[in-house]
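The sequence and structure come first.

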Amino acid sequence: MKLDWKRPVVIATGLMFIIIAILFEPVIFGGKTFGSPDSLSPKAIGIALNELSDTSGELPQWQPWVFSGMPTGEAFTSLSKLYFPEYLFKLFFLPGIMIQLLHLLFAGIGGFLLLRHFKCSEWAAGLGAAAFMITPYMVTMVVFGHGSQMMTAAYIPWILWFTVRLWQNPSTWNMGWLALLLGFQLQRAHAQIAYYTWMLIGAYSLLILINGIRIKGDRSILGKGFGLFVFACILGVGLSLLIYLPAMEYTPFSVRGGSAGGGADYNYATGWSFHPKEILTFFIPSAFGFGGQPYWGFMPFTDYPNYMGIIILLLAIIGLFRKWELIHQFLVITSAFALFISFGKHFSLVYDLFFNIFPYFNKFRVPHMILILLQFNVAVLAAFGLDELVKLKEGKIPKWFWGMAGVIGVFFIGMVLGGTAIGSAVRGSFSPPLIQEPRAAQALNNLRWNLWLNDAWLMILFSGSLMVLIWLWINRKVSQAMLMAVTVSLAIVDIGIVNFKIIQPNRSSGRGSQLMSKRVVDRFFKEDDIIQFLKDDDSIFRIYPIGSLFGESRFAAFGLESVGGYHPAKLKGYNTFLSKTGNAAAIPVLQMLNVKYLISPQKINHPSLKLVKEGKMRSTRGEMPVAVFELENSLPRVWFVREAQSVPYDTIWKKIIQPDFDPRKTAYISEQIDISENSMATITQFDRTVHRFTISTESEGNQFLVLSEVYYPLRWKAMMDGKEIQTHKVNGILRGVEVPAGNHTIDIIYDKSSFKKGLTISFTSFGLSLGLIGFGYVRRKKDE
């Protein structure tokens with residue numbers, strides 16, 4: 001029995017590995033990697049964090065290099081060291097991209113085991129598993145630097161498999177594995193995908209309970225299954241609390257959780273809503289321009305179509321004609337909900353229900369991301385559909401065959417006879433290109449139509465081929481093995497064509513390739529003349545990248561602290577500060593932020609700026625000429641002010657951007673503080689590490705000290721001579737403390753107690769999960 005179970009899994013794993021190797025050949029064998037901006041930016045932060053971790057011997061909880069400083073782990077930055085399976089991969093010195101591809105294979109293996117559990121044939125299980133594994137969403141996430149999304153989604157088939165097993169056979173073995181998988185998925189730290197997975201298994205469990213109560217099944221087994229499922233979920237959450245306990249506390253301070261309702265702003269959350277019209281991309285990948293510049297759909301932009309494969313989609317429809325069971329109800333209901341939720345603002349009835357009622361749902365954006373559940377369900381139904389084909393009786397053509405063949409035939413005739421009218425209709429629906437030059441705009445529209453036309457014909461070719469193959473099988477003109485092999489091959493080739501367009505787009509596609517040589521990436525993170533100039537200055541300062549460089553995170557790789565950068569969950573207070581000050585574009589604001597150098601793609605003529613360096617600098621947009629300007633009268637990282645004025649918070653922004661505002665002299669705060677006039681105050685020592693600032697002072701009277709660090713009272717605590725003191729918000733964004741007369745030592749310390757508590761709970765949950773698996777294994781051995 002064991003040999004019969006293992007052999008198909010081994011063969012399927014080998015075949016799926018070959019598929020991955022073919023798709024990602026340039027990466028696995030060609031010395032290339034993916035270098036999208038979303039790949040390079042996190043890598044820059046990762047380099048800085050790893051260097052700091054190696055020198056300090058601890059995991060940094062604060063990153064000072066972007067947005068003048070923000071949290072790391074609780075803002076979901078560079079969390080691989082908090083993902084327990086990562087340490088297994090590191091034993092083999094695997095690079096990040098290979099770890100991602102192994103997760104892709106992991107998704108396929110999980111899909112195969114799940115489908116075999118559902119009694120699918122080996123061919124059907126292999127088809128469904130491969131279809132999910134290489135669905136364009138999964139491949140795109142690897143290509144465009146969103147590996148955490150793909151790796152989190154890779155757990156979906158495994159988690160559903162053990163959820164089904166647990167309800168069918170409530171045991172500590174199944175409960176322990178489910179807890180471990182849930183915890184690891186949460187540790188992989190794409191909370192939105194993990195949340196959708198919990199919605200999926202929650203729906204399955206609810207259906208099991210309703211069905212069990214309806215048919216009056218064994219209540220003891222039902223109750224045991226429910227209890228073990230809940231306990232597995234609790235352990236899974238516990239396993240992930242080293243990340244999520246600090247993250248939940250950070251949420252009110254983040255742009256994703258700092259709105260009036262406690263979540264993301266509704267317009268921000270629904271920006272990437274899936275328009276119902278774009279369902280056409282399920283059938284024709286380029287129905288809305290595929291992605292990149294040719295894309296003309298309803299989202300701000302996208303890099304891929306939500307295509308699942310026309311063969312897979314047709315087989316999924318056929319799978320619905322299989323004997324109707326609970327699993328069919330589950331797949332249809334969850335698919336419908338996923339589709340309606342993905343519509344977001346375009347059909348808000350269902351989305352708003354979840355946004356306003358379901359806990360934490362309003363923390364997420366990109367509603368169309370939930371389509372991963374639909375794509376997974378369709379892959380499962382496709383496996384059912386392939387097995388359904390085998391059951392077709394000789395000479396008896398089912399009704400659904402005529403329906404499908406009729407639709408395909410009508411579309412074929414329409415393309416042949418009405419191609420001109422279809423072309424006019426499609427062209428008429430194009431959104432205006434964001435190109436001013438008329439010829440370039442016309443060329444882009446021609447490209448859009450050509451992409452649409454080519455994919456439409458491919459859809460007809462593949463779907464027509466499947467219908468011919470089914471007809472040949474019904475009439476027994478081909479063998480069952482031939483039916484299976486050709487159907488699976490057609491489906492893989494169909495999806496593969498789209499994936500090749502994502503991985504290696506040709507020059508005429510209007511989309512740039514993200515592939516680049518590993519040597520190019522290594523060179524990207526080597527110092528250039530500009531970086532070398534900035535690093536030669538060993539004083540404490542920040543830089544201010546101007547214009548298109550403001551979102552550049554490459555500076556972090558060299559330990560340069562920037563006012564700008566990129567992070568999807570930055571501090572809400574800092575985001576407000578940037579919006580109110582025009583990205584801090586005022587000389588007094590730059591001075592108080594400890595900015596010493598401005599990096600600009602253009603020359604600037606300003607009396608407060610002195611040109612000190614010109615040269616070429618590498619960026620995520622390519623190498624570009626830049627000029628470095630030194631800011632006159634830049635303030636140090638810490639200083640005493642002469643006066644602290646209490647003003648309403650809303651008036652601060654106008655005050656600090658005024659040219660006559662002197663941050664060295666005045667600090668705007670919310671409370672009145674008296675400062676001794678004409679008294680001396682001196683900073684005798686200033687030391688800093690990533691988690692601590694130590695400032696020694698001497699003062700004759702009551703003084704107010706300003707630290708040019710972002711105000712984040714949740715974690716940064718001020719101590720004076722060993723006793724905690726109040727930290728004031730200064731100028732709407734900085735920190736300040738009141739200092740009485742005398743000699744004092746002020747320590748500003750990052751509070752890591754939440755992380756340590758979460759770490760303890762995670763290790764305890766991990767140990768309990770392993771213990772349950774071990775106990776279950778012993779019980780299984782005794783029962784054999």
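A charge sits over a ring if NZ of Lys or CZ of Arg is within 6 Å of the ring centre and within 35 degrees of the ring normal. Arginine 448 meets this rule with phenylalanine 430, lying over the ring face at 5.6 Å from the ring centre. The model is predicted. Its largest nonpolar core has 179 residues, and 57 aromatic pairs are counted.

**Nonpolar cores**

- Within the core of 179 residues, Phe24 and Ile470 have the most contacts.
- Helix 18 (residues 371-390) gives this core its largest share, 15 residues.
- Isoleucine 470 touches Ile318, Leu389, Leu392, Trp400 and Phe401, with residues up to four places away in sequence not counted.
- Another core, of 68 residues, lies apart from it; among its members are Ile45, Tyr574, Val638 and Tyr712.

**Contact of helix 9 with helix 12**

- The axes of helix 9 (residues 156-168) and helix 12 (residues 219-239) come within 8 Å and cross at roughly 145°.
- On the helix 9 side the contact is made by Thr163, Leu166 and Trp167, and on the helix 12 side by Leu222, Gly225, Phe226, Leu228 and Phe229.
- By type, the residues of this contact are six nonpolar, two polar and no charged.

**Aromatic pairs and cluster**

- The ring centres of phenylalanine 274 and phenylalanine 343 are 6.4 Å apart, with the planes at 5°; the pair is therefore stacked, since planes under 30 degrees apart count as stacked.
- This pair links distant parts of the chain, 69 residues apart. Phenylalanine 274 is in the loop between helix 14 (266-269) and helix 15 (310-319), and phenylalanine 343 is in the loop between helix 16 (326-342) and helix 17 (348-357).
- Phenylalanine 274 counts as buried at 0% relative accessibility, and phenylalanine 343 counts as buried at 5%.
- Tyrosine 649 and tryptophan 653 form an edge-to-face pair, because their planes are at 80° and their ring centres 5.5 Å apart.
- In that pair, tyrosine 649 is partly exposed, with a relative accessible area of 35%, whereas tryptophan 653 is buried, with 5%.
- One aromatic cluster is formed by Tyr195, Tyr266, Phe337, Tyr351, Phe354, Phe355, Phe358, Phe361 and Phe364.

**Arginine over a ring**

- Besides arginine 448 over phenylalanine 430, arginine 554 lies over the face of phenylalanine 524, at 5.2 Å from the ring centre.

**Glutamate 122**

- Glutamate 122 is in helix 6 (residues 122-133).
- With a relative accessible area of 43%, glutamate 122 is partly exposed.
- Pro8, Phe112 and Arg116 are touched by glutamate 122, when residues up to four places away in sequence are not counted.
- Glutamate 122 and tryptophan 62 are 60 residues apart in sequence, and their C-alpha atoms are 49 Å apart in space.

**Positive phi outside glycine**

- Phenylalanine 93 is not a glycine, yet has a positive phi of about 55°.
- Phenylalanine 93 lies in the loop between helix 4 (85-90) and helix 5 (96-117), and counts as exposed at 73% relative accessibility.
- Alanine 584, also not a glycine, has a positive phi of about 60°.
- The loop between helix 25 (572-580) and helix 26 (587-592) holds alanine 584, which counts as buried at 0% relative accessibility.

Definitions and conventions: Residues numbered from 1 in each chain as written. Predicted model: local features only at pLDDT ≥ 70, side-chain atom pairs only at ≥ 80, totals over all residues. Heavy atoms only, no water. Axes fitted to C-alpha atoms, helices over the stretch in contact; angles between N-to-C directions. Helix = DSSP H or I, 4+ residues; strand = E, 2+ residues; numbered from the N terminus. Contact = heavy atoms within 4.5 Å. Nonpolar A, V, L, I, M, F, W, Y, C, P; charged D, E, K, R; others polar. Core = buried A, V, L, I, M, F, W, Y, C linked by side-chain atoms within 4.5 Å. Buried < 20%, exposed > 50% of the residue type's maximum accessible area, 1.4 Å probe, protein only. Phe/Tyr/Trp six-rings, centres within 6.5 Å; stacked < 30°, edge-to-face > 60°.
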